[in-house]
Amino acid sequence: MAELRREPITRMWVVITADHPKGPSDYLPFKPPYQPQAATGVCPFCPGNEAMTPKETFSLRGEGGGWSVRVVPNKFPFFHIEGDFDRRPEGMYDVMEAIGAHEIAVESPDHHQNLATLEPSQIQKILFAYRERLIDLERDRRFQQFLILKNYPGIFNRHPHSHIMAMPVIPRRIDEEIWGVLDYYQRKERCIFCDIIKEETSVKRRVVLETSHFLTFSPFASRYPFETWIIPKVHSSDFHSIQEEEMEDLSIVMQSLFLRYYKLLSDPPYSLTFHTSPVQSRFHRPEYHWHIEIRLRIGLREGFEWGTGFFVNPTPPEAAALYLREVE
Ligand SMILES: [Zn+2]
Ligand SMILES: [Zn+2]
Ligand SMILES: [Zn+2]
């Protein structure tokens, strides 16, 4: 038996299969390429090798002068900061310079840490670095959208790090969410994310964790096994307007969630992204509700997705939430 569930924001259909629901053990063990990185060469993100990276845009330093979090421009950026914002036709097509910022947040001086093993106080520092960089980047009027993205383990370097990007266009995923938010707003005069929070906290079956400022849950139409969203309980469109107290709460939530993944699925590979409203007054959407989405990179059926645009998820979100709640 399978169920077609519609994700209420983007209205994308997802196939949730429940005949043989897959639990954590069905995904283990992971096959290569998920292997610990061989010790080759020198890590540019380790303390002592600062000269190997471009000049830092931000750092947090303690009494002794050593850094705890460092942000540097990416040496191999998707977007580059210099140049003019110029959209031009090429025959029947549209082309534009990939103007933007692409920075790397080095999340810890320790090469062997990850979000499951870092102290919440260190995760709070990472969140602080994200916020400070976005506040600074917002002053550049060419940028319309920020994206914070983390792949674990890192593809080129296993030192804990994440990407901070500022883009000259609004990416499709965010755009689809904005359309969903505005359409719902027009019909109901309420925020769809706020309504989802109400629904999930009353139904409870998909809730993983609830703290004073954040709800962590498996979304109704989860596209991926053990997909999880973290969302601020009070409406807010921009991640970078987050307050100290909320950052403290969020750091505890993140550490707890990634420790649960670590224990339940034996240190799984994952991707994590922050979705936040576009910036600049022309594009800013106060109706939008910022959030974090996390997907594990396990059990993919990309052929079907590629062929149909449907995702198939063999771990129903109610089961995923239960596993994540109860893991010891
Ligand atoms: Zn390192
Ligand atoms: Zn809201
Ligand atoms: Zn989103």
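Modeller: Let me start with one pair of residues: Leu4 has Val15, in strand 2, as its bridge partner. Before we go on, this is a predicted model, in which local features need pLDDT of at least 70 and side-chain atom pairs count only at pLDDT 80 or more, while totals for chains, interfaces and linings use all residues. Residues are numbered from 1 along each chain as its sequence is written, chains are lettered from A and ligands numbered from 1 in the order in which they are written, and side-chain values use heavy atoms, with hydrogens and water left out.

Colleague: How do strand 1 and strand 2 pair, and over how many bridges?

Modeller: Strand 1 and strand 2 (residues 13-17) are antiparallel and share five bridges. Strands here are DSSP runs of E with at least two residues, and helices are runs of H or I with at least four, both numbered from the N terminus; two strands count as paired if DSSP finds at least two bridges between them.

Colleague: And what is the strand order in that open sheet?

Modeller: The order is 1-2-15, three strands with mixed pairing. Strand 1 (2-6) and strand 15 (311-313) are at the edges with a single partner strand each, so one side of each has no neighbour in the sheet. On average, neighbouring strands of this sheet are turned by 25° against each other, direction ignored, where the axes are lines fitted to C-alpha atoms, for helices over the stretch in contact, and angles run from 0 to 180 degrees between N-to-C directions.

Colleague: Switching to the metals, which residues coordinate the zinc ion (ligand 1)?

Modeller: Cys43 (SG), Cys46 (SG), His111 (ND1) and His159 (ND1) do, at 2.0 to 2.3 Å. Donors are N, O and S atoms within 2.8 Å of the metal (3.2 Å for Na, K and Ca), and since water is not among the atoms, sites may look incomplete. Along the sequence, the spacing of these donor residues is C-x2-C-x64-H-x47-H.

Colleague: Why is the arrangement around the zinc ion (ligand 1) called tetrahedral?

Modeller: Because its four donor atoms subtend angles of 105 to 117°, and four donors count as tetrahedral if all angles lie between 85 and 135 degrees; four count as square planar and six as octahedral if opposite donors are over 155 degrees apart and all others between 65 and 115, and anything else is irregular.

Colleague: Is Cys43 buried or exposed?

Modeller: Cys43 is buried, because its relative accessibility is 12%, and Cys46 is buried too, at 18%. Buried means under 20% relative accessible area, exposed over 50%, and partly exposed in between, using a 1.4 Å probe and protein chains only.

Colleague: Now the inside: which residues touch the most other members of the largest nonpolar core?

Modeller: Phe226 and Met254 do, in a core of 52 residues, and helix 4 gives the most to this core, with nine residues. A nonpolar core is a set of buried Ala, Val, Leu, Ile, Met, Phe, Trp, Tyr and Cys residues joined through side-chain atoms within 4.5 Å. There is also a second, separate core of 21 residues, which includes Phe79, Leu182, Phe193 and Ile231.

Colleague: Where is Phe226?

Modeller: Phe226 is in the loop between strand 11 (214-217) and strand 12 (228-232), and it is buried, with a relative accessible area of 0%. Its phi is positive, near 65°, although it is a residue other than glycine.

Colleague: What about Glu189, buried or exposed?

Modeller: Glu189 is exposed, at 65% relative accessibility, and lies in the loop between helix 2 (172-188) and helix 3 (192-203). Its phi is also positive, about 55°, and it is not a glycine.

Colleague: Last one, how many residues has helix 4?

Modeller: Helix 4 (residues 244-265) has 22 residues and reaches 31 Å from its first C-alpha to its last, close to the expected 32 Å, a span taken as 1.5 Å times one less than the number of residues. Ser266, with a positive phi near 55°, follows helix 4.
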